[in-house]
Amino acid sequence: MAKRITLLGSTGSIGTQALDVIRREGYEVAGLAAHSNVALLQKQIAEFHPRTVAVTDEDAAQKLEAALAGTAGAPRVARGAEGLRALAAQEDADVVLNAVVGIAGLPATLAALESGRDVALANKESLVTGGKLVTGAAAENGAKLLPVDSEHSAIFQCLQDAYSAKRLQKILLTASGGPFFGKTRAELQHVTKRDALRHPNWSMGAKITIDSATLMNKGLELIEAAWLFDLAPEKIQIVVQRQSIIHSMVQFTDHSILAQLGVPDMRIPIQYALTWPERGEAIAPELDFTQLKSITFDEADEETFRCLAACKKAMAKGGLAPCAANGANEEAVRLFLEDKIPFLRIGELVEGVVDSDSFGGSYTLDDVYACDRMARAYVLART
């Protein structure tokens, strides 16, 4: 029987590429979720015939219900954040692919894991803001976390041999460096939103593209990797790999290194997460080594890109510090995209909130939400 997938965030960049994979593999779509892009969601419903859809924006949900009224075989429409959680927990899916942007994806990740569903995780904020809660839910319910980010997928692929995984010494987490690699703080004083959205290698949504420009994305991935692979942050080294051909590497106790390579196409890690433990047929172009003239490596500049430094501080503090960093970043990126703060101010605000408290100790889901609200208020009070 075909594998059944529930896709959260189906109208975004990862979501639409995930549907390419689902179409290619002949999988069944059990459910779809989107925020407000009703026009695209309707096209997806017509093609994939999900039993249930969730729309988190109330006005958009009403529009979709009206558009589907009287349509034979129309799916049930669930509304709001609660509808998203309910869809994630539905038992008619084998895998829930969570491609929701930001902390909004955390409750859905928890709901899916608590219902015993495996989660293909493209929402790194789930582990950043609630890592202890997420990994605990997976362990308690026998569910798997399958990484979708290209870097974490690369590490996951390199560690499929259980014996080798026991001999892991460190992770080499690669970064493209974003559009501003090599720039000084002086050169970044007046960069624009348009400049920051020009990623050299990847086609992504606006928020993650800005995160790549500030290196916040790499800081979030550092935190995510520590949770996914149960490794101390000091055993994760960030290496700039400008061509985005080596997606990450692992080093073992004998100093042997394995790397996963491929063209920069997100359909490759999405496909591996959905087909695991098998591999599907090629959905992306082949890497042509005759055209690959060089592969370069550099250090990440934490002095210029303070978001990365802030995430390392947050990991060292533990507790809710990563949640605070994420909340401040989400709010600061929103303000930058609205032309309300300059580019470098994003890193200053993220570092500032991490420095504002000790953040240690255990936490509940309510604590996560409270910390997120505090971090956003911190940013708004300083802009």
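Student: Is strand S9 (residues 236-240) largely enclosed by the rest of the structure or exposed, and why?

Tutor: A word first: this is a predicted model. Now count the buried residues. In S9, four of the five residues are buried, so the strand is largely enclosed by the rest of the structure.

Student: Which strands pair with S9, and in which sense?

Tutor: Take each partner in turn. Strand S8 (residues 168-175) pairs with S9 in the parallel sense, over five bridges. Strand S12 (residues 298-299) pairs with S9 in the antiparallel sense, over two bridges.

Student: How is a pair of aromatic rings described?

Tutor: By two values: the distance of the centres and the angle of the planes. This structure holds four aromatic pairs. One of them is Phe-156 with Tyr-272. Their centres are 6.1 Å apart, with 65 degrees between the planes. That pair is edge-to-face, because the angle is over 60 degrees.

Student: Where do Phe-156 and Tyr-272 lie?

Tutor: Phe-156 is in helix H7 (residues 150-158), and Tyr-272 is in helix H12 (residues 267-275). The pair therefore ties together parts that are 116 residues apart in sequence. Both Phe-156 and Tyr-272 are buried. Together with Trp-276, Phe-156 and Tyr-272 form one aromatic cluster.

Student: What describes the pair of Phe-336 and Phe-343?

Tutor: Phe-336 and Phe-343 are edge-to-face, at 5.8 Å centre to centre and 70 degrees between the planes. Phe-336 counts as buried because its relative accessibility is 3%, under the 20% cut-off. Phe-343 is buried too, with a relative accessible area of 3%.

Student: Which charged residues lie over a ring?

Tutor: Find the ring centre, then look for the charge. The charged end of Lys-132 sits over the ring of Tyr-363, 4.5 Å from the centre. Arg-382 lies over the face of Tyr-378, 3.7 Å from the ring centre.

Student: Is Glu-331 buried or exposed?

Tutor: Check the relative accessibility. For Glu-331 the value is 7%, so this residue counts as buried. Glu-331 has its place in helix H14 (residues 321-337).

Student: What does Glu-331 contact?

Tutor: Start with the side chains. That of Glu-331 makes a polar contact with the side chain of Arg-334, at 2.4 Å. Now set aside the neighbours within four places in sequence. Glu-331 is then in contact with Arg-376, Val-379 and Leu-380.

Technical notes. Residues are numbered from 1 along each chain as its sequence is written. This is a predicted model: local features need pLDDT of at least 70, side-chain atom pairs count only at pLDDT 80 or more; totals for chains, interfaces and linings use all residues. Side-chain values use heavy atoms; hydrogens and water are left out. Buried means under 20% relative accessible area, exposed over 50%, partly exposed in between (1.4 Å probe, protein chains only). A polar contact is a pair of N or O atoms within 3.5 Å; within protein, one must be able to donate a hydrogen and the other to accept it, and residues adjacent in sequence count only if both atoms are side-chain atoms. Contact means heavy atoms within 4.5 Å. Two strands pair if DSSP finds at least two bridges between them. Rings of Phe, Tyr and Trp (its six-membered ring) pair if their centres lie within 6.5 Å; planes under 30 degrees apart count as stacked, over 60 as edge-to-face and the rest as tilted. A charge sits over a ring if NZ of Lys or CZ of Arg is within 6 Å of the ring centre and within 35 degrees of the ring normal.
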